[in-house]
Amino acid sequence: MLLALQKAKPRAIAPERANAAPEVVRDKVPEVKANWLTKMGGYMVGISAAVGVGVGVKGILGNLDAAKGYVEPLTAIASDVPGWVWLAGIAGIAGALVLVSRHGEAKGVEAFQTEARR
């Protein structure tokens with residue numbers, strides 16, 4: 001069997017599959033779509049944090065009495081840390097999420113194009 005595998009010719013892959021665009025693969029492979037959605041979510045969170053939109057969350061929660069009781073201990077602990085440090089941390093985590101999901105999406109597209117999967 002090993003000799004047969006060594007002598008076997010590579011299988012032919014249809015050009016439509018070998019050259020499939022990521023958009024086409026997204027519709028056919030759920031893992032690629034999940035990676036793409038994660039990447040887009042990471043972009044949205046990262047950009048929002050980088051711009052500073054996340055600062056408004058504290059004001060919104062401050063107006064909700066039920067949430068205020070849960071948030072106060074956390075804000076007391078974190079009050080010494082400047083807001084920009086939190087936003088930079090969130091942006092960094094979102095950036096890492098984008099990089100990991102972008103890599104997963106590219107690998108999923110490559111696997112589809114080479115018929116390694118599905």
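This is a predicted model: local features need pLDDT of at least 70, side-chain atom pairs count only at pLDDT 80 or more; totals for chains, interfaces and linings use all residues.
I'm taking buried to mean under 20% relative accessible area, with over 50% as exposed and anything in between as partly exposed.

**Entry 1**

Buried or exposed: what are Glu105 and Lys39? I found both of them buried. Glu105 comes out at a relative accessible area of 6%, so it falls under the 20% cut-off. The two form a salt bridge, and their closest N and O atoms sit 2.8 Å apart.

Skipping neighbours within four places in sequence, I get Val32, Lys33, Trp36 and Glu105 as the contacts of Arg26. Putting both pairs together, I have Arg26, Lys39 and Glu105 linked in a network of salt bridges.

**Entry 1: the other end of H7**

How many salt bridges does the structure hold? I count four. One of them joins Glu115 to Arg11, the closest N and O atoms being 3.8 Å apart. Glu115 is in the segment after H7, and Arg11 is in the loop between helix H1 (2-7) and helix H2 (15-18), 104 residues apart. For accessibility, Glu115 is partly exposed at 23%, and Arg11 counts as exposed at 58%.

**Entry 2: helix H4**

I checked the geometry of H4, which runs over residues 30-51. Its 22 residues should span 32 Å at 1.5 Å a residue, and the end C-alpha atoms are 32 Å apart, so expectation and model agree. Next I listed what is buried in H4: Val32, Lys39, Gly42, Gly46 and Ala49. These cover an arc of only 120° around the axis, which puts them on the same side of H4. That reminds me that an α-helix has 3.6 residues a turn, so residues three or four places apart point the same way. Which exposed residues does the face turned away from the buried side of H4 carry? I noted Met44, Ile47 and Val51 there. As for the cover over the buried residues of H4, it includes helix H3 (22-28) and helix H7 (83-113).

**Entry 3: the nonpolar core**

The largest nonpolar core has six residues: Ala20, Val25, Val29, Val32, Val109 and Phe112. I looked up the contacts of Val109, not counting residues up to four places away in sequence, and got Ala20, Pro22, Val25 and Val32.

**Entry 4: Gly108**

Gly108 lies in helix H7, and at a relative accessible area of 18% it is buried. Leaving out neighbours within four places in sequence, I find Gly108 in contact with Val25 and Val32. How far is the C-alpha atom of Gly108 from that of Asn35? I get 8.9 Å, although the two are 73 residues apart along the chain.

Terms used: Residues are numbered from 1 along each chain as its sequence is written. Side-chain values use heavy atoms; hydrogens and water are left out. Helices (H or I, at least four residues) and strands (E, at least two) are DSSP runs, numbered from the N terminus. The expected span of a helix is 1.5 Å times one less than its number of residues. Buried means under 20% relative accessible area, exposed over 50%, partly exposed in between (1.4 Å probe, protein chains only). The arc is that of the directions from the helix axis to the C-beta atoms. Contact means heavy atoms within 4.5 Å. A nonpolar core is a set of buried Ala, Val, Leu, Ile, Met, Phe, Trp, Tyr and Cys residues joined through side-chain atoms within 4.5 Å. A salt bridge is a side-chain nitrogen of Lys or Arg within 4 Å of a carboxyl oxygen of Asp or Glu.
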